[in-house]
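This report describes selected features of a predicted model. Please consult the sequence and the structure while reading.

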Amino acid sequence: MVSRSEIQTEKNLAEFLVQMDSYAPIIPEALTDYYLAQAGFECTDVRIKRLLALATQKFISDVATDAFQYNRIRQQASKDKKFLNKDRKTVLNMDDLTAALAEYGVNIKKPEYFS
């Protein structure tokens, strides 16, 4: 016997897969196909590839949002108030990105400069 929650879950999954047929991810499908092939992933179902592109898009968005928050915190902690002009554009730097990626277990280091 199938429970009501399992039926609802199957229905939600079916609706989601139908929506993935018409979804166009921001990340181009050619780019997704390239990196999936590099990783050895083979799949003919376009919906699965779009789902992976959507997950990648979400990850990039989360990292960018966190880096922006680190930037804002760093700017507020700055003692030099003359550089805190509200008309200036926000520029994220490598320190902001490093701190944001560290939350997700991705450790990056700025390469040393060699002349």
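## Residue F41

F41 has a relative accessibility of 34% and therefore counts as partly exposed, because that class lies between the limits of 20% for buried and 50% for exposed residues. F41 belongs to the loop that joins α2 (29–38) to α3 (46–77).

When neighbours within four places in sequence are left aside, F41 is in contact with L36, I48 and L52.

## Packing of α2 and α3

In general, a pair of packed helices is described by two quantities, the angle between the axes and the distance between them. For α2 and α3, the angle is about 95° and the axes are 10 Å apart. The two helices α2 and α3 are therefore roughly perpendicular to each other, since angles of 65 to 115 degrees fall in that class.

On the side of α2, the contact is formed by E29, T32, D33 and L36. On the side of α3, V46, K49, R50, L52 and A53 take part.

## Residue N71

Is N71 buried or exposed? Its relative accessibility is 0%, so N71 counts as buried, the limit for this class being under 20%. N71 is part of helix α3.

The side chain of N71 is joined to the side chain of D96 by a polar contact of 3.0 Å. If residues up to four places away in sequence are not counted, N71 touches T90, V91, L92 and D96.

Conventions:
Residues numbered from 1 in each chain as written. Predicted model: local features only at pLDDT ≥ 70, side-chain atom pairs only at ≥ 80, totals over all residues. Heavy atoms only, no water. Helix = DSSP H or I, 4+ residues; strand = E, 2+ residues; numbered from the N terminus. Buried < 20%, exposed > 50% of the residue type's maximum accessible area, 1.4 Å probe, protein only. Contact = heavy atoms within 4.5 Å. Axes fitted to C-alpha atoms, helices over the stretch in contact; angles between N-to-C directions. Parallel < 35°, antiparallel > 145°, perpendicular 65-115°, else oblique. Polar contact = N/O pair within 3.5 Å; in protein donor to acceptor, adjacent residues only side chain to side chain.
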